[in-house]
Amino acid sequence: MSADTRRVEVYPGREVVVEFDPELTFECVDDCTWCCHHGVLLYDRDLLELAQRANLSETTTDFRSEKFVTREPKDRDDHVAEDGHACAFLREDGLCTLHLEEDWKPTRCSVFPLAVRLEDGDLHVDIRDSAHDHCDGLNVSERSVIDNLEAFLPEVLWDLENPDSEREL
Ligand code: SF4
Ligand code: SF4
């Protein structure tokens, strides 16, 4: 492990190797929805949870044998992908239907703006490359990321065969 990484226990016996600046702070910014422009990968447990809250045949799609939240065209032209599409649960007012009405969101939505990858049996956590350019919530508050990792990293991540954040629709 290099000198600028450190191990942090997030849950009892569940550690991560932190690769981002330990001074990093984060608070999601109200008028930004950039991370909701893609289709979110759904893990098995997310699918079970989502099935209790939405019609899966209308809101999910298969891609490379995995399930994702469907993307759909949006009227807004900022903080959406180049094709004008974003997550099916993103309302036109920029709020998340699931978060707002169900007090729940998929695992991958919690992780953003961090990225997770499994390496030699350890979960490594860094900032997503794209977040440096697009996430407005980095270093705008007093809320330390390293001290609040449980808010970003649901415990299910330690049980997944492939928790890597790279896969998007
Ligand atoms: S489920 Fe909600 S938080 Fe996740 S990408 Fe969609 S709109 Fe954003
Ligand atoms: S890109 Fe960052 S600030 Fe914008 S909605 Fe996502 S987490 Fe929040």
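Is Arg 64 buried or exposed? Arg 64 counts as exposed, because its relative accessibility is 71% and the cut-off for exposed is over 50%. Keep in mind that this is a predicted model.

**Around ligand 1**
- Ligand 1 takes up the space of the largest pocket.

**Backbone angles to look for**
- As background, most residues other than glycine have a negative phi, and most peptide bonds are trans.
- Arg 64 has a positive phi, near 50°, and is not a glycine.
- You can find Arg 64 in the loop that links β4 (60–63) and β5 (66–69).
- Asp 120 also has a positive phi, about 50°, without being a glycine.
- Look for Asp 120 in the loop between β8 and β9 (122–127).
- Asp 120 counts as exposed because its relative accessibility is 76%, with the cut-off at over 50%.

**A cis peptide bond**
- The bond leading from Phe 112 to Pro 113 is cis, and its omega is near 10°.
- Pro 113 belongs to the loop between α4 (107–111) and β8 (114–119).

Terms used
Residues numbered from 1 in each chain as written. Chains lettered and ligands numbered in written order. Predicted model: local features only at pLDDT ≥ 70, side-chain atom pairs only at ≥ 80, totals over all residues. Heavy atoms only, no water. 1 Å grid on protein atoms, 1.4 Å probe; cavity = no way out; pocket = protein on both sides within 12 Å on 5 of 7 lines; lining within 4 Å. Sits in = over half its atoms within 2 Å of the grid points. Helix = DSSP H or I, 4+ residues; strand = E, 2+ residues; numbered from the N terminus. Buried < 20%, exposed > 50% of the residue type's maximum accessible area, 1.4 Å probe, protein only.
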